[in-house]
Amino acid sequence: MRTLRIWRTLLGVENTFVEDIDLDLEGRILIASVRPMAPRRNRCGSCQKRSPRYDLGDGRRRWRGLNVGSIQLHLEADAPRVSCRVHGVTVAAVPWARHQSGHTLFFD
């Protein structure tokens, strides 16, 4: 449990479970498989309101994070779509990135 808390701190993510860490030394890439905690799931990407799940979306997506030394960091997670009353069908929000962004908040 303590290890996951350390990874969350190093990755700069909150309200997130770190499921797995994969290090590709040849490609110099660290891929962290993550998912939002229950209170942060199924929220509209634009307005952050809870919305019913629409479908699984286009599968897994990646967000670029800050480098860890000379190794690139990518967060990878499922990106389901939700049906918001105001914004229609949109990708669900994630706590580590802004809506329609390809990088993390820490990267900003």
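At 7% relative accessibility, Cys84 counts as buried, where buried means under 20% relative accessible area, exposed over 50%, and partly exposed in between, with a 1.4 Å probe and protein chains only. This is a predicted model, in which local features need pLDDT of at least 70 and side-chain atom pairs count only at pLDDT 80 or more, while totals for chains, interfaces and linings use all residues. Residues are numbered from 1 along each chain as its sequence is written, and side-chain values use heavy atoms, with hydrogens and water left out.

Confidence comes next. The pLDDT is the predictor's confidence in each residue, from 0 to 100. The protein has a mean pLDDT of 91, and 98% of its residues reach 70 or more. Among its elements, E6 has the highest mean pLDDT (97) and helix H1 (residues 2-11) the lowest (80). Helices (H or I, at least four residues) and strands (E, at least two) are DSSP runs, numbered from the N terminus.

Cys84 belongs to strand E6 (residues 81-84), which is joined to E7 by four bridges, the two strands running antiparallel. The bridge partner of Cys84 in E7 is Gly88. Two strands count as paired if DSSP finds at least two bridges between them. These strands are part of an open, antiparallel sheet of three strands in the order E3-E6-E7. Its edge strands, E3 (53-55) and E7 (88-91), each pair on one side only. From one strand to the next the twist averages 40°; axes are lines fitted to C-alpha atoms, for helices over the stretch in contact, and angles run from 0 to 180 degrees between N-to-C directions.

Another open sheet has four strands in the order E1-E2-E5-E4, and its pairing is mixed. Here the edges are strand E1 (16-24) and strand E4 (60-68), each of which pairs on one side only. Neighbouring strands of this sheet are turned by 25° against each other on average, direction ignored. Strand E2 (residues 29-36) pairs with strand E5 (residues 71-78) in the parallel sense over five bridges. Leu30 has Leu73 as its bridge partner in E5.

The cysteines remain. A disulfide is a pair of cysteine sulfur atoms within 2.5 Å, and by this rule the count is zero. Cys47 counts as partly exposed, at 25% relative accessibility.
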